[in-house]
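Thanks, everyone. Let me put the model up, and then we will walk through it.

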Amino acid sequence: MSEILPIETASQPTYTLAIAIEFLGTQYHGWQRQQEVLGVQEALETAIGKVANETVEVVAAGRTDASVHASNMIAHFTTHAYRPTHNWLRGVNSLLPDDIALRWIQPMPNDFHARFGAIARRYRYITLNQPQRPAILNHQVTHIYEPLDLAAMQQAAADIVGTHNFSSFRAAACQSNQPVRSVSHARLFAHGQFIVFDIQADGFLHHMVRNLMGTLYAIGKHELEPSDFLTILAKKDRTIAPPTASGDGLYFVNAYYPEHWQKLLPTVPLTPLWLNLPD
């Protein structure tokens, strides 16, 4: 990994560092730092702050809900502390709880911003579709015991692609200024007993992926027809769509940036790794 010199200031140099974070969200109340409950952001800032010997703020490409996981959440922080990248990586990981880890750390130009600079974000939703419940993968997948009609779900998923008003699939508490999002792909495929929903867009509304998945489940169970998806989408009314799917099966898998930043970021296999999925 290359070292990028900081911009000198009148006082101290400031370093901008991009990181990729892997975490199981089961024990956390989402990404964001909160007053009375633990978020992933707080745990990271505590560990990084100890290595930096100063207070840091970690800014992520996206915000995950309680129980939602990440396998390659891109984030950044700025610091006055200089450390070799391997020291940052080993030091921070040694201080993090077992269910959070850094995959890599990379010095970046000082204008890099993990959230506002991202041009696309990608999620994968993992369903285990089999009669018996899982033990080892408990809370890491969503278990659906009845058979799902994958072909019907795929037919509906194809209609997700494009630029749409996703008001029917946003949470009531969503704080976004507008509900229009552009989805570049929404692939649904079987991988053994798993059904994988792989979706990428320029941004996501609060609960958008989980709400879409809830509707796809209803279609897969023949509670709705594939054509009903477009009807629900056109109504722009959350109350007519099926319930929100569990957060257990949802993973933030990547964020993407303009080429001048993207080429500096390490490339790693997309995850969850235990599925060994193609990128």
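Where does tyrosine 123 lie? Tyrosine 123 is in strand 5. Before I go on, the ground rules. This is a predicted model, where local features need pLDDT of at least 70, side-chain atom pairs count only at pLDDT 80 or more, and totals for chains, interfaces and linings use all residues. Residues are numbered from 1 along each chain as its sequence is written, and side-chain values use heavy atoms, with hydrogens and water left out. Helices (H or I, at least four residues) and strands (E, at least two) are DSSP runs, numbered from the N terminus.

UniProt lists Tyr123 under "binding site", in an unreviewed entry. UniProt positions are in the numbering used here, feature names are shortened, and annotations may be inferred rather than shown by experiment. Is tyrosine 123 buried or exposed? Tyrosine 123 counts as buried, because its relative accessibility is 8%. Buried means under 20% relative accessible area, exposed over 50%, and partly exposed in between, with a 1.4 Å probe and protein chains only. Leaving out residues up to four places away in sequence, tyrosine 123 touches a list of residues including Arg63, Phe197, Asp198, Phe204 and Tyr251. Contact here means heavy atoms within 4.5 Å.

Next, the other annotated position. For "active site", the unreviewed UniProt entry gives Asp65. Aspartate 65 sits in the loop between strand 2 (59-60) and strand 3 (69-79). At a relative accessible area of 18%, aspartate 65 is buried. Which residues does aspartate 65 contact, neighbours within four places in sequence aside? They are Gly30, His206, His207 and Arg210.

Serine 67 is buried, with a relative accessible area of 17%.

A second case is histidine 222. Histidine 222 is not a glycine, yet has a positive phi of about 65°. Histidine 222 is in the loop between helix 4 and helix 5. With a relative accessible area of 56%, histidine 222 is exposed.

Now salt bridges. The rule is a side-chain nitrogen of Lys or Arg within 4 Å of a carboxyl oxygen of Asp or Glu. How many salt bridges does this rule give? The count is five.

Take arginine 122 and aspartate 198. Their side chains meet in a salt bridge at 2.9 Å, N to O. Arginine 122 is in strand 5 (residues 120-129) and aspartate 198 in strand 9 (residues 194-201), so this pair ties together parts 76 residues apart in sequence. Both arginine 122 and aspartate 198 are buried.

Aspartate 198 has another partner. Aspartate 198 forms a salt bridge with arginine 124, with the closest N and O atoms 2.8 Å apart. That pair also links distant parts of the chain, strand 9 and strand 5, 74 residues apart. Relative accessibility is 2% for aspartate 198 and 0% for arginine 124.

One more pair. Lysine 221 and glutamate 146 form a salt bridge, the closest N and O atoms being 3.7 Å apart. Lysine 221 lies in the loop between helix 4 (208-220) and helix 5 (228-235), and glutamate 146 in the loop between strand 6 (142-144) and helix 3 (150-158), so the pair ties together parts 75 residues apart in sequence. Lysine 221 is partly exposed at 30% relative accessibility, and glutamate 146 is partly exposed at 23%. As for shared partners, salt bridges join Arg122, Arg124 and Asp198 into one network.

Last, helix packing. The axes of helix 1 (residues 40-52) and helix 2 (residues 85-95) come within 9 Å and cross at roughly 130°. The contact is made by Ala47, Ile48, Lys50, Val51 and Ala52 of helix 1 and Trp88, Gly91, Val92 and Leu95 of helix 2. Axes are lines fitted to C-alpha atoms, for helices over the stretch in contact, and angles run from 0 to 180 degrees between N-to-C directions.

That is my tour. Over to you.
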